Amino acid sequence: MSQETALQVKNLRVSYMTGDQQVKAVDDVSFSLYPGERLGIVGESGSGKTTLAMALMRLHKPPAYIMGGEAILDGRDILSLGRDQMRQTRWSKLSLIPQGSMNSLNPVIKIKHQMADAIEAHERGWTRGQIAKHIGELLGRVGLPDSVAEMYPHELSGGMKQRVCIALAIILEPSVIIADEPTSALDVVVQRVVMQTLNDVQEQLNAAMIIIGHDMGLMAQSADRLAVMYAGKMVEVSPIASFFKDPQHPYSKLLISSLPSPEEKRELAGIPGSQPSLLDLPSGCAFHPRCPLVVERCTGEIPLLRDFSGDRRAACHLVEEQSS
Amino acid sequence: MKQAYFIRRLVMFFVVVILAATLNFIIPRLAPGDPIGAVLEELRARGASTGGDAEDEIVAAYRARFGLDQPVYVQYLRFLTNTLRFDLGYSISYYPQKVEAALLRALPWTVGLLALSTLISFACGSFFGALMAWPRAPASVNRFVPFFMVLSAVPYYLLGLILLYIFAFVMRLLPLGGAYSSGTIPRLDLDFLLDVIRHGMLPALSIVLTSVGFWALGMRGVMVTVLGEDYLTLAEAKGLPDRRIFFGYAMRNALLPQVTALAIALGTVASGAVLVEVVFNYPGIGWLLYNALRSSDYYMVQGVTFCLILTVAVSVLVVDLIYPLLDPRIER
């Protein structure tokens with residue numbers, strides 16, 4: 001792909017240091033993100049999705065440490081920026097819709113002040129009038145009345161708070177938005193509407209968006225591409241349509257066969273076993289103990305994430321052998 | 001909604017004051033001893049003539065003068081109406097001085113010394129406590145704050161005695177006691193002010209040093225919780241400067257429970273510091289109470305306790321009225 005990337009992550013590694021052991025929560029993850037694109041990242045709890053998001057914002061807290069890698073945003077590696085440069089980069093180029101948006105707004109500060117301070121922190125030189133006008137306009141764009149600006153978070157419903165977080169995320173028109181399980185705290189009906197709002201504002205901005213979650217249905221509706229994480233590694237990255245039609249990695253196949261389908265009534269298949277402990281990963285491919293197609297090579301050699309058909313990538317020896 | 005809140009708080013305030021006045025009436029009368037008898041005892045002890053044969057008549061006259069000959073309920077009703085008019089009666093041991101006059105003379109000293117030192121230690125303690133929990137604070141904070149925590153285990157009157165010994169007795173840097181040099185007349189000018197500050201230094205220091213640790217400890221606990229909140233992560237993600245996050249998001253929210261504690265502390269500070277005033281011979285409410293208790297001066301004791309309860313009630317009322325401004329969630 002010759003297109004300019006919005007964000008390019010290369011060999012990112014994040015570890016948690018526990019005592020004298022190093023837990024690789026994000027292990028050698030690379031991916032590119034293009035302007036206007038929505039990349040879904042799915043995986044079980046503990047597969048490293050949120051750690052990845054936090055590391056990209058550089059909001060990871062000890063004992064988590066970035067062990068290596070690059071994240072190129074706007075021509076610069078944000079992982080090597082100084083504290084103050086990183087502070088300036090946050091929100092103006094890279095914003096976050098947090099996981100627990102129910103509690104992500106300060107309960108004792110009015111919405112308008114929580115929105116205004118994001119603008120003020122980045123010295124855009126706007127007047128108060130301009131800021132107030134901008135806030136009113138943003139609230140309108142996410143479907144909230146102007147009066148919300150004067151309210152406190154406890155006066156809003158869960159869906160409204162999430163919309164405020166969306167409005168907040170686009171306040172400085174960033175080129176990348178990271179949405180960490182943006183709708184997990186909402187009920188299904190509100191989930192759909194909020195997700196639609198999020199997609200709309202993202203399209204208007206032509207921003208790239210990373211959507212983290214484990215709701216495959218939501219991903220199918222929103223994401224353009226889907227990345228599957230397993231035990232800290234990306235095991236498959238595919239455009240959403242071909243992913244659902246023809247998943248390549250055995251883990252992806254099992255994930256899809258565990259989804260209910262309205263067309264055919266069948267026994268839902270789970271995935272046998274459970275995710276391995278990151279402290280004690282199996283040798284070779286981390287998925288091999290649960291993989292129905294395991295061959296001898298899987299137990300000794302770690303498969304790399306490789307292109308296999310144009311825009312698709314997978315980390316599996318079998319896929320590699322078939323395509324070559 | 002807002003009005004209902006205000007009215008409810010005001011009604012509560014008056015209920016507390018009347019209840020307090022009632023208790024205040026009952027409790028001194030439960031204590032053994034008779035005020036007139038106590039004065040007579042004291043006079044006899046000094047070898048003064050107590051009236052000989054006419055003693056009973058004199059006692060009766062005094063009892064009538066102070067209304068002690070009336071049935072209890074009459075005393076009570078009279079007491080209530082007088083209290084509400086802030087007429088607290090005559091001091092028995094300083095007759096014919098009025099209790100409220102003595103209180104008004106002592107009050108500014110207590111409020112000035114104790115309220116000020118409490119506010120100072122609240123501000124310093126909360127700030128240092130917040131810094132202790134802040135991951136990017138200078139490392140030195142964690143070295144000297146524990147020292148204050150050790151000090152908070154020392155009673156302030158004891159620390160007062162130690163400070164008095166070192167700075168006033170051995171080094172002779174500061175005066176031994178009182179609120180101003182004897183012989184000077186209280187007036188509003190710089191010299192007098194400096195004199196008052198010199199006298200207030202040691203008692204204030206003993207209170208501040210022993211309570212900073214308490215505020216710091218409380219603040220650190222709340223601050224740790226607040227730092228783990230999602231809104232702090234978002235504040236940081238927004239690229240806010242550290243200063244704004246520390247004051248506007250972390251300290252701002254962690255202060256809320258501290259303010260409640262401050263209201264109670266401000267209220268009890270006057271009564272709690274009786275011993276400081278005694279140690280430093282400071283002419284405040286505590287000193288007044290101490291002397292009144294020693295001479296069974298019913299009316300003075302009642303006046304002082306009423307005054308103390310009033311300070312608790314007033315400071316709780318003030319905080320109740322301010323709190324909705326600090327935390328908009330409280331008003332419901």
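This is a predicted model: local features need pLDDT of at least 70, side-chain atom pairs count only at pLDDT 80 or more; totals for chains, interfaces and linings use all residues.
Okay, let's start with chain A, where four strands make an open sheet in the order E2-E1-E4-E5, with antiparallel pairing. At the edges you have E2, residues 21–33, and E5, residues 76–77, and each of those pairs on one side only. Helix H1 of chain A, residues 49–56, packs on that sheet and touches E1, E2 and E4. The direction of H1 makes about 70° with that of E2(A).

E1, residues 7–18, and E4, residues 64–73, run antiparallel and are joined by eight bridges.

Chain B has 332 residues, and 34% of them are buried. Its C-alpha atoms fill a box of roughly 90 × 60 × 40 Å along the principal axes. Now take the contacts in chain B between residues at least 6 apart in sequence: 72% of those join residues at least 24 apart.

The helix pair I'd like to show you is H5, residues 99–133, with H8, residues 190–227, both in chain B. They pack at an angle of about 35°, and their axes are 5 Å apart. The crossing of H5(B) and H8(B) is right-handed. And what sits in that contact? The residues there divide into 23 nonpolar, eight polar and one charged.

Terms used. Residues are numbered from 1 along each chain as its sequence is written. Chains are lettered from A and ligands numbered from 1 in the order in which they are written. Axes are lines fitted to C-alpha atoms, for helices over the stretch in contact, and angles run from 0 to 180 degrees between N-to-C directions. Helices (H or I, at least four residues) and strands (E, at least two) are DSSP runs, numbered from the N terminus. A crossing is left-handed if the near helix is turned anticlockwise from the far one by less than a right angle, and right-handed if clockwise. Ala, Val, Leu, Ile, Met, Phe, Trp, Tyr, Cys and Pro count as nonpolar, Asp, Glu, Lys and Arg as charged, and the others, Gly among them, as polar. A residue is buried if 20 or more other C-beta atoms lie within 10 Å of its own, exposed if 12 or fewer, and partly exposed in between; C-beta atoms are placed from the backbone. Two residues are in contact if their C-beta atoms, placed from the backbone, lie within 7 Å. Two strands pair if DSSP finds at least two bridges between them.
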